[in-house]
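Dear colleague,

I am handing over the structure we spoke about, with the sequence alongside. Please open it first, and then read on for what was found in it.

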Amino acid sequence: MNSYRDLIVWKAALKLAVNCYSATKGFPNSEAYGMTSQIRRSAASIAANVAEGHGRESTGTFIQFLRTAQGSLKELETHHILSGEVGLMVEAEVASLLGQTDEIGKMLRSMIRSLQQKS
């Protein structure tokens, strides 16, 4: 594997970020610096941390970045749930996005375990 762009987890995280941008387009302007920004930042952070960690020279550092990506994933899940609770997103949209975050979470955990076994 030569590039982080070959990683399935990175591709899934990038798709999630794109979907989050789409989901927040309809948010009110009053949320531009609130929930819209929070969702977009945490979503982008997942793929960015996978990419940055892959570019580091040690397995331990890569694992650390994958754990940071997990933290951003949990932050994003919380923002989605809150957005549903306050009526910024409909339940079906929240469920769809949470389904994506669940899958990415499994991939991150699996990748961390695999890398830990190799080191």
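This is a predicted model: local features need pLDDT of at least 70, side-chain atom pairs count only at pLDDT 80 or more; totals for chains, interfaces and linings use all residues.

Let me begin with helix 2, which contains 20 residues and extends 29 Å from its first C-alpha to its last, close to the 28 Å expected at 1.5 Å a residue.

As for the chain overall, its secondary structure consists of 4 helices and 0 strands, and the order of the elements from the N terminus on is α-α-α-α. Taken along the principal axes, the box filled by the C-alpha atoms is roughly 45 × 20 × 20 Å. The radius of gyration is 15 Å, which agrees with the value near 14 Å that a compact globule of 119 residues would have. Of the 119 residues, 40% count as buried, and among contacts with a separation of 6 or more, 71% are made by residues 24 or more positions apart.

Helix 1 deserves a description of its own. This helix has 17 residues and reaches 24 Å from its first C-alpha to its last, close to the 24 Å expected at 1.5 Å a residue. Its buried residues are Val9, Trp10, Ala12, Ala13, Leu16, Ala17, Cys20, Ala23 and Thr24. Seen down the axis of helix 1, these buried residues fall within an arc of 160 degrees, so they line one face of the helix. The buried residues of helix 1 pack against helix 2, helix 3 and helix 4, whereas the face turned away from the buried side carries the exposed residues Ile8 and Lys15.

Which residues does glutamate 77 contact, once its neighbours within four places in sequence are left aside? Glutamate 77, which lies in helix 3, is in contact with Leu98, Thr101 and Asp102. With a relative accessible area of 12%, glutamate 77 counts as buried, because the cut-off for that class is under 20%.

Histidine 54 is found in helix 2 and, at 23% relative accessibility, counts as partly exposed. The C-alpha atom of histidine 54 is separated by 6.0 Å from that of tyrosine 4, although the two are 50 residues apart along the chain.

Glycine 34, for its part, sits in the loop between helix 1 and helix 2 and is likewise partly exposed, at 24% relative accessibility. Glycine 34 and arginine 67 are 33 residues apart in sequence, and their C-alpha atoms are 25 Å apart in space.

Terms used
Residues are numbered from 1 along each chain as its sequence is written. Side-chain values use heavy atoms; hydrogens and water are left out. Helices (H or I, at least four residues) and strands (E, at least two) are DSSP runs, numbered from the N terminus. Buried means under 20% relative accessible area, exposed over 50%, partly exposed in between (1.4 Å probe, protein chains only). Contact means heavy atoms within 4.5 Å. The expected span of a helix is 1.5 Å times one less than its number of residues. The arc is that of the directions from the helix axis to the C-beta atoms. The radius of gyration is taken over C-alpha atoms; the globule rule is 2.2 Å times the number of residues to the power 0.38.
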